[in-house]
2 protein chains.
Amino acid sequence: MQKRVSLKDIAAKAGVSAALVSYVLNNRLPSRISVATAQKIRDIAGQLNYSTNQLAKSLKTNKTNTIGLIVADISNPFSANLARIIEDEAEKCQYTTIFGSSDEDPGKFDKLVHTMLNRKVDGLILSPPAKSEAVIESLQQKDIPIVLLDRYFPGIKTSYVIIDNFAASMEAVHHLLSTGRTRIGMITYDSELQHLLERKNGYIRALENNGVRVEKEWLQLVGIENNQQQIEDAVRALLSATPGVDAVLFGSNKIATSSLKLINSLSLRVPCDLAVICFDHTEMLDLFYSPVTYIKQPLEEIGELAVSYLLSNLLHNGTISTSQLKASLVIQQSTTRPDELYQAK
Amino acid sequence: MQKRVSLKDIAAKAGVSAALVSYVLNNRLPSRISVATAQKIRDIAGQLNYSTNQLAKSLKTNKTNTIGLIVADISNPFSANLARIIEDEAEKCQYTTIFGSSDEDPGKFDKLVHTMLNRKVDGLILSPPAKSEAVIESLQQKDIPIVLLDRYFPGIKTSYVIIDNFAASMEAVHHLLSTGRTRIGMITYDSELQHLLERKNGYIRALENNGVRVEKEWLQLVGIENNQQQIEDAVRALLSATPGVDAVLFGSNKIATSSLKLINSLSLRVPCDLAVICFDHTEMLDLFYSPVTYIKQPLEEIGELAVSYLLSNLLHNGTISTSQLKASLVIQQSTTRPDELYQAK
DNA sequence: TTGTACGCGTTATCAT
DNA sequence: ATGATAACGCGTACAA
């Protein structure tokens, strides 16, 4: 169906053995091969437009030069951006990437991992969903190189690249406090994933540290399926609480989008009546009528580190490298103090 | 490194030949194999946690159950959504998808195609960039199954799934005219890609059909690299033209985003001073202070058809299937007539 | 049910 | 010094 030119076609045409062709094309033992035949082989390979069959090569060498990447959902901008960076980075090192979306479902995650393993990927970069510890541990037992991305499990020793979500949440809340907001709510996920717990705990700790009592209704937890209705209910609950909030921290870009969609339709004004901050950037945030302050993850660095950790793991199996990067707060209009708003505009 | 359990491990433990194990696990010749041994083999396979080595299988069968998908840029929401749909659709049919982003660069496109071919993908779904006709034609000569996505080349007979961009543009302009706009501009790409030409021509034709003279400055062409500065200049040119426009059609979501970002910072109001319509949906459009009317492509249908055409092509090589789907106009506030605006709100 | 050639490169060993 | 032979990786499919 595809390339039918094989090594032995070249060998036949050149009047040499297939092995020799292999050596030449891979630049092996260059000292032991006469320049003349080497050139002849290269010429013929060129004119036959030969390209090596990766399947056969991989079968023999047990190396596919492929890495598997599993994210939550490739159609989410956060995942898509990260995927793109990883793809580019891997490609620089001659690696091909195959993607999969887990939809935060550990069953689907497990299935994806195994299809990738059947295809003999050299290693995996994974954003594991909740309750997927067993899968990760089994990969470790099999000595399959993995790097966790965006998330990690405190109880499992693996390579990972994450950000300091606790600190990021704290910083966001401190910023809100510094702009005079006192009734700060948060909408985030009801999940046991460590990075999400840290976002939640950072929020709580920041308020406590500043002597602010966290009202029960100020912390709204929603399902990780990102149900629009549920998120809207959470927004309404925050606003109708007693006392109602004057600022909200959104635990993800999906939550932010759904919430802002509702807020857009209410009479409420941002930032006068409500300040908002959100985790992760999307273009939508800049286009909101009051550009949204957000917590920016260093995506390039995350992607590059993940690939580099994985590749170094491929060379020296057993190496464990971890990074916890710092996120930065990008301050825009959505958190301007009301009294500064007019002079700023 | 990974699965070390092979067919012959099972065969040894079961005291049968490797061939028999293969038959059993593939449910071949079920009538000719005793139920007892079949069960024994399955049990052993289960307890050894065997899973087949796709590399070896593919090498023999010349089938990888993998499709290659090349889009312009996986980090663009339009591409990402489509990719996700195709991934899911392929997965339903037991196919794995490998992605690549061409960045509209024919050289990169060609390179991606060849890495995929070296990996022996069964077929390709491609959004070809400009000047990649030669690559497509060479794939055809090699009888490699392909389906073009989102774009096509009029001179080349291939399977494709596209939308009627000409009609979509016309409909958008007609809608603007029907809401009383008379000075309608367009910002789109300076590209020879057929689908982009059709977007441009649909705009021109719609105006001509309605006896509107298209001022030169109303049609602004920008590079496909989506340079922010260039797009902003185009917006400014439209607004400062004589006469200045009272409506704009954006040729892509990237153009729309960049333009709206600028418009957001001007004193100009949408839709009072300017109506806007854009090709393709992103969430950003709903969050703009005046939710943006857009041309919606039937992404699910496009993705499903593309996969189905490719798979049917894998069975019966040489089949050519094409679809030109209709896009729909989703009308939102950004094109409301100024005089209806207050009563509508 | 089984033996075995096969797909296609790789690489250690053998031959001039 | 140069180059050839052959085993190998692992599952498949045909002949026996």
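Which side chains meet in a salt bridge with an N to O distance of 3.3 Å? In this predicted model, the pair is A:Glu192 and A:Lys131. The count between domain 2 of chain A and domain 3 of chain A is one salt bridge.

**Domains of chain A**

- Chain A is divided into domain 1 (7-52), domain 2 (64-163 + 299-325) and domain 3 (165-297 + 329-344).
- Between the C-alpha centres of domain 2 of chain A and domain 3 of chain A there are 29 Å.
- To their contact, domain 2 of chain A supplies 16 residues and domain 3 of chain A supplies 12 residues.

- About 1,400 Å² is buried between domain 2 of chain A and domain 3 of chain A, with 55% of it on carbon and sulfur atoms.
- On the side of domain 2 of chain A, the residues that lose the most area to domain 3 of chain A are A:Phe78, A:Tyr152 and A:Ile163, which together make up 35% of what that side buries.
- Five residue pairs are in polar contact between domain 2 of chain A and domain 3 of chain A, counting pairs with both residues at pLDDT 80 or more.
- Helix H5 (77-92) and helix H13 (299-315) of chain A are the elements that give two or more residues to the side of domain 2 that touches domain 3.
- That side of domain 2 of chain A has 11 nonpolar, one polar and four charged residues.

**Surface near DNA strand D**

- DNA strand D is surrounded by 28 residues, and the closest are A:Arg32, B:Leu7, B:Ser22, B:Tyr23 and B:Arg28.
- By class, the surface near DNA strand D holds 11 nonpolar, 11 polar and six charged residues.
- Sugar or phosphate accounts for 56% of the atoms of DNA strand D within 4 Å of the protein, and bases account for the rest.

**Individual contacts to DNA strand D**

- B:Leu7 has a backbone N or O atom 2.7 Å from a phosphate oxygen of DNA strand D.
- For A:Ser17, a backbone N or O atom is 3.0 Å from a phosphate oxygen of DNA strand D.
- B:Tyr23 places a polar side-chain atom 2.6 Å from a base nitrogen of DNA strand D.
- In both chain A and chain B, helix H2 (18-25) and helix H4 (54-61) are the elements that give two or more residues to the surface near DNA strand D.
- H4(B) gives the most to this surface, with four residues.

Note on methods. Residues numbered from 1 in each chain as written. Chains lettered and ligands numbered in written order. Predicted model: local features only at pLDDT ≥ 70, side-chain atom pairs only at ≥ 80, totals over all residues. Heavy atoms only, no water. Near = heavy atom within 4 Å. Polar contact = N/O pair within 3.5 Å; in protein donor to acceptor, adjacent residues only side chain to side chain. Nonpolar A, V, L, I, M, F, W, Y, C, P; charged D, E, K, R; others polar. Domains from an automatic or database assignment. Contact = heavy atoms within 4.5 Å. Buried area = accessible area lost by both parts, 1.4 Å probe. Salt bridge = Lys/Arg side-chain N within 4 Å of Asp/Glu carboxyl O.
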